[in-house]
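Here is a short briefing on one chain.

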Amino acid sequence: MNEFLSVLLQAVIIAVVPILTTYAVKLIRQVAANTAAKTDSIKAQGYLNEAAQAISEAVEATSQTYVDFLKQSGKFTLEAQREAAEKALAACLAHISPAAQYFIESVYGDITEYLATRIEAEVRRQKKESSVMVGVPLGTVEGIPE
C-alpha cells in the first residue's frame with residue numbers, strides 16, 4: 001500500500017508541477033507588466049509636472065522682471081507681449097530636462113508649440129488669480145481690519 005501511495009503521489013506531483021509552473025510564470029509576467037506600466041506612468045507624470053513647474057516659474061519670472069516694468073511705464077505693446085512670450089519660452093526650455101523634453105516631443109510633437117500653448121494658459125490663469133485678489137474687499141480677508 002505504501003508503494004502504491006508513493007507512486008500515486010509522484011504521479012500527481014509530476015502532473016501538477018508543470019501546471020503550477022505555467023501559472024507562476026504567467027503571474028510573474030503580469031506583475032512585471034503592471035510594474036512597467038506604473039513606472040512609465042510615474043515617469044510621464046514626473047515629466048509633465050516638471051514642465052508645468054518650469055512654465056509656471058518662467059511666466060512668474062518674466063512677469064516680475066519684464067512685464068510689470070513695461071506696464072508701469074506704459075510701454076507694454078503687442079511687440080513687448082511677443083518678446084515676453086519668447087522670454088518665457090526660452091526660460092522654460094532652459095529649465096526642462098532633456099529627458100522631459102524628449103518625452104513631451106514623443107507624446108505631443110513640437111515642444112515649442114506645446115510650451116507656447118501652456119504658457120498662454122498659465123498667463124491667463126495667473127491674471128485671473130491676481131485680479132481676484134485685487135478685487136477682494138479688505139474687510140473680508142481674515143486678520144485685516146476694515
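**Briefing: core, rings and pocket**

Ile-119 is buried, at a relative accessible area of 4% (buried means under 20% relative accessible area, exposed over 50%, partly exposed in between, with a 1.4 Å probe and protein chains only). The model is predicted: local features need pLDDT of at least 70, side-chain atom pairs count only at pLDDT 80 or more, and totals for chains, interfaces and linings use all residues. Residues are numbered from 1 along each chain as its sequence is written, and side-chain values use heavy atoms, with hydrogens and water left out.

**Fold**
- The chain holds 4 helices and 0 strands (DSSP runs numbered from the N terminus: helices are H or I of at least four residues, strands are E of at least two).
- Along the sequence the pattern reads α-α-α-α.
- Of its 146 residues, 18% count as buried.

**Nonpolar core**
- The largest nonpolar core has 17 residues (a set of buried Ala, Val, Leu, Ile, Met, Phe, Trp, Tyr and Cys residues joined through side-chain atoms within 4.5 Å).
- Helix 1, helix 2, helix 3 and helix 4 are the elements that give two or more residues to this core.
- Helix 1 provides the largest share of this core, 6 residues.
- Ile-55, Cys-92, Ile-96, Ile-104, Leu-115 and Ile-119 have the most contacts inside the core.
- Ile-119 lies in helix 4. Between Ile-119 and Ala-52 there are 9.2 Å in space, C-alpha to C-alpha, and 67 residues in sequence.
- Ile-96 is in the loop between helix 2 and helix 3. Ile-96 counts as buried because its relative accessibility is 4%.
- Ile-96 and Leu-48 are 9.9 Å apart, C-alpha to C-alpha, with a sequence separation of 48 residues.

**Aromatic rings**
- The whole structure has 2 aromatic pairs (rings of Phe, Tyr and Trp, the latter by its six-membered ring, with centres within 6.5 Å; planes under 30 degrees apart count as stacked, over 60 as edge-to-face and the rest as tilted).
- Tyr-47 and Phe-103 make a tilted pair, 5.4 Å centre to centre with 40° between the planes.
- This pair links distant parts of the chain, 56 residues apart: Tyr-47 is in helix 1 (residues 2-73) and Phe-103 in helix 3 (residues 98-108).
- Tyr-47 counts as partly exposed at 22% relative accessibility, while Phe-103 counts as buried at 17%.
- Tyr-108 and Tyr-114 make a stacked pair, 4.7 Å centre to centre with 20° between the planes.
- Tyr-108 is partly exposed at 44%, and Tyr-114 counts as buried at 12%.
- The charged end of Lys-87 sits over the ring of Tyr-66, 4.9 Å from the ring centre (NZ of Lys or CZ of Arg within 6 Å of the ring centre and within 35 degrees of the ring normal).

**Largest pocket**
- The largest pocket holds about 500 Å³ of space (on a 1 Å grid over the protein atoms alone, a pocket is an open set of points where a 1.4 Å probe fits, with protein on both sides within 12 Å along at least five of seven lines). The volume is the space filled by probe spheres set on the points, which are joined across faces, edges and corners.
- Its lining has 21 residues (those with an atom within 4 Å of a point). Val-59, Val-67, Phe-76, Val-123 and Lys-127 lie nearest the pocket centre.
- Helix 1, helix 2 (78-95) and helix 4 (111-134) each supply at least two lining residues.
- The lining has 9 nonpolar, 5 polar and 7 charged residues (Ala, Val, Leu, Ile, Met, Phe, Trp, Tyr, Cys and Pro count as nonpolar, Asp, Glu, Lys and Arg as charged, and the others, Gly among them, as polar).
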